[in-house]
Structures are given as C-alpha cells and as structure tokens.
Amino acid sequence: MTDQRYVLFEQDQQARGINLEEVKAKLKALKVETPSWGYGDSGTRFKVFQQEGVPRDPFEKLEDAAQVQKYTGVSPSVAIHIPWDKVDDYGKLKQHAEGLGVKLGAVNPNLFQEDDYKFGSVTNSDPAVRRKATEHLIECVNIAKEIGSKDLSLWFADGTNYPGQADFRKRKRWMYECLQEMYDALDDNQRMLIEYKFFEPAFYHTDLADWGMSFNMAQKLGPKAEVLVDTGHHPQGTNIEHIVAYLLDEKRLGGFHFNSRKYADDDLFAGALNPYELFLTFFQIVSALNDEDAGVRQNAENIAYMLDQCHNLEPKIPAMIRSITNVQTMYAKALLINLDEVQKAQEKQDVLAAEHAVRQAFEIDVTPLLHVVREEMGVPRDPMAAFLKSGYQDKILARGKGGASW
Ligand code: PSV
Ligand code: MN
C-alpha cells in the first residue's frame, strides 16, 4: 500500500535537496544500547518504589531488553554493570542474550558501592584500596574479552566533600596510574570510555568533573581511551553540543549516555525534557559525518550510543522504548538539516538564515519517514503501541515484586 503521507513527505524533502535514501540508510544503521540497570528497580535517596514484574536477575534483564530490540529494531545490545550483573558463567549469559536476539554491550565497572571506597577508589590515598580498584578494572576488561565486548564505560564516584580533605594533584596522579594499568590490559580492538560528572556523590570536588578532565586523561592514556558524554552530568545551561563538536574534532568522542535532566543527574528518560538539545547534538554528529577530515568522520561513525536512565515511577520497558524512539526522532530530524544551506548562511555571516536552516529541520514531522523506515526494517510502525498490545507486561507480573535493584 502506498503511504500517502510518505509520498508528500518525500516530495517536500526532495524539493529541499535532501537525499532520502541516504537518510533512511543512516536511520537503519543507528544502534542505541540499553542499560541492564534501567530494567531493575531504582529510586532516589529517599525511596525505591518496587514495581511488579521487575527482572530478578541479569538473565531476566536481558529478556526485557530483548523486547525493546524486538519492537524498535535499533537497540541490539545491552550494557552490563559489574557486580550488579555478576554471574558465574559469562559464556552462559552471552549465549542467553544471543538466543534472545541481543548482544552484551559495554561493561561498566562499579567502584562506588563498597566501604573500602568511602574515601575514593582509584584516587584513594591507601595503596591497597587503589590496588583493589585496579584489579576490579582489569577483571572487567577480562569479562569484556570473554563476552566479546569492545567497550568499557568508566565512571568514578571519586571526590571529596570538604576543602583540604585530600590532595587534588596526588589523586589525579593516582587515578592516572591505575587507568594506565587498565589501559595496558585492553586488547587492540577494545576501548575505554571515560565518563565525567560535575558533582554527586561528592559535593566539594569530583576527580573527573568535566569533559576537559576526561579528555586530558584519555589523551595521556592513548588512542584506545575516549570521552563518554552523559547528558545528565553537566551544570545547568552547559552547551553540550559544543562539547560534542570539540571532542569530535579531536577524534575523542567515545559515546553517549542519553537521559534527560532538569536539575541534577535526574536520569529521566531521553528526550523527555531536552528534545532540542538532543537534536542539536545530532546536528553536530551529522555535520561531523560529512567532515572533510576522514578521522573526524571515522570518529562520528564509531560513537557508542547508550541510554543511562532510571525509571523510578514509570514502567521500565515502555520507558526504554519511548527513549529509543525519541533518540531516533531527533536523529531523523538532524539528518534533514540541509548542511549546504547552513554553510552558505555561515559564509555570508547571515545569522538568521543559519539559525533558520537548522531549526527548520527540527520542525519537520518525521513520523511518515520513521513509519516507512520501520516497515522496511521489519519492525512495527509504532513500537510502543505494539509492545503494549503484546501482553508481555502482563506476563512478567508473575515475577512479582522485589526484583533486582539497579
Ligand atoms: C553515574 O551517575 C552513572 O551515570 C554512570 O554512568 C554509572 O555507570 C551509571 O550512572 C549507573 O550508576
Ligand atoms: Mn552515565
């Protein structure tokens, strides 16, 4: 059946000089990894509300993640967190994932939940704690090798609460030493993605507080170290797309943890509060995909897109589907920006025309395009409606309450 809405859409976009076949190919190639911890119970420091049907172990988390892939077709891998997803046999976990049509993705070490790490992990003044933290990092590299995963996502809760509590410079050097040891353990096809966060759980200083610190660390470590941008980890008003462009130009943008924030690291689902920011982030990526420098293009092609969000009130699988479709929608809109038009306006220093060329694409309704793309990919046109109709949510209620948290 010819989709009338798509026919009109196609005419409009062709008139704007957009190559829709290219846009469709890029949309089909998009992959957004979901986090295993986003399927578990989560909450705030005040309360974790338990939901019925939450997975009880890593195997069930993968089953839920496979639903997101089944209905969206663009989330074929799942990030794991060690020890939250620790199992005796990672080969079995890998096989289970593959049997469900997904893969295990980035491995996230956890250096923030043990008493030993109260005063820091890789920055602790006690060499025995730093040793323990380094061993855990290397353990995670080995797990990643075993499951065939390329990416290790690193986030450190390390920081201090009071002036004078610890020596910033010494901590910086200790962190570098530990990460260097981890770096040396990586295979050639593996990379470490270094995340930053400007505050929390520490309130006075955080050892990797911003992208510049992560970037500096990555640069000193070597080409297998890149920066991970978690959209929720910036102070109010930060121009995230500028950070993205800068890192792309330096060929050090490793990946994203998408989510929405209003005040702090809220971890609300992606695209709920920040659609224009997400769109402008993709604008920088789309522009880098067309850069004259092959290295920049290559970096843009190898970005690990991941979600990092907690669903404290909302059901988890639909929240994940909504985020994925939000990300897909913003990417689709960014792909409709006429980059030549933007460039011409920039050359003429025509501020209004340049801004218009960008915003115009944001205002286009991409629903007909996404429907056709999904149909061609063999997934439902409306992934959310199809999932809700499937009965899966009712089926998992049998798991009861009290599943895994985070
Ligand atoms: C920290 O806030 C973070 O964003 C890191 O990515 C962790 O891996 C994740 O949340 C889960 O704690
Ligand atoms: Mn994160």
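1. At 4% relative accessibility, E195 counts as buried. Buried means under 20% relative accessible area, with a 1.4 Å probe and protein chains only. D230 is buried too, at 0%. The model is predicted: local features need pLDDT of at least 70, side-chain atom pairs count only at pLDDT 80 or more, and totals for chains, interfaces and linings use all residues. Residues are numbered from 1 along each chain, chains are lettered from A and ligands numbered from 1 as written, and side-chain values use heavy atoms, without hydrogens and water.

2. What holds the manganese ion (ligand 2)? E195 (OE), D230 (OD), H257 (ND1) and D308 (OD) coordinate the ion at 2.1 to 2.2 Å. Donors are N, O and S atoms within 2.8 Å of the metal (3.2 Å for Na, K and Ca). E195 lies in strand 6 (residues 191-195) and D230 in strand 8 (residues 225-230), so the pair ties together parts that are 35 residues apart in sequence. Strands (E, at least two residues) and helices (H or I, at least four) are DSSP runs, numbered from the N terminus.

3. The site of the manganese ion (ligand 2) is octahedral, with angles of 70 to 161° among six donor atoms. Six donors count as octahedral if opposite donors are over 155 degrees apart and all others between 65 and 115.

4. Helix 14 (residues 367-377) has buried residues, including P368, L369 and L370. Their cover includes helix 1 (4-15) and helix 11 (316-335); contact means heavy atoms within 4.5 Å. Just after helix 14, G378 takes a positive phi of about 80°.

5. The largest pocket holds about 1,200 Å³ of space. A pocket is an open set of points on a 1 Å grid over the protein atoms alone, with protein on both sides within 12 Å along at least five of seven lines; lining residues have an atom within 4 Å of a point. A volume is the space filled by probe spheres set on the points. Of its 37 lining residues, K197, E200, D265, D267 and W406 lie nearest the centre of the largest pocket.

6. The second largest pocket holds about 750 Å³. Its lining has 29 residues, with K31, K150, I303, A304 and Y305 closest to the centre. Strand 3 gives the largest share of this lining, four residues.

7. How many cavities of 30 Å³ or more are there? There is one. A cavity is a set of points where a 1.4 Å probe fits but cannot get out. The largest cavity holds about 70 Å³. Among the residues lining it are Y39, D64 and K316.

How values were computed:
Tetrahedral: all angles 85-135°; square planar, octahedral: opposite > 155°, others 65-115°. Buried < 20%, exposed > 50% of the residue type's maximum accessible area, 1.4 Å probe, protein only.
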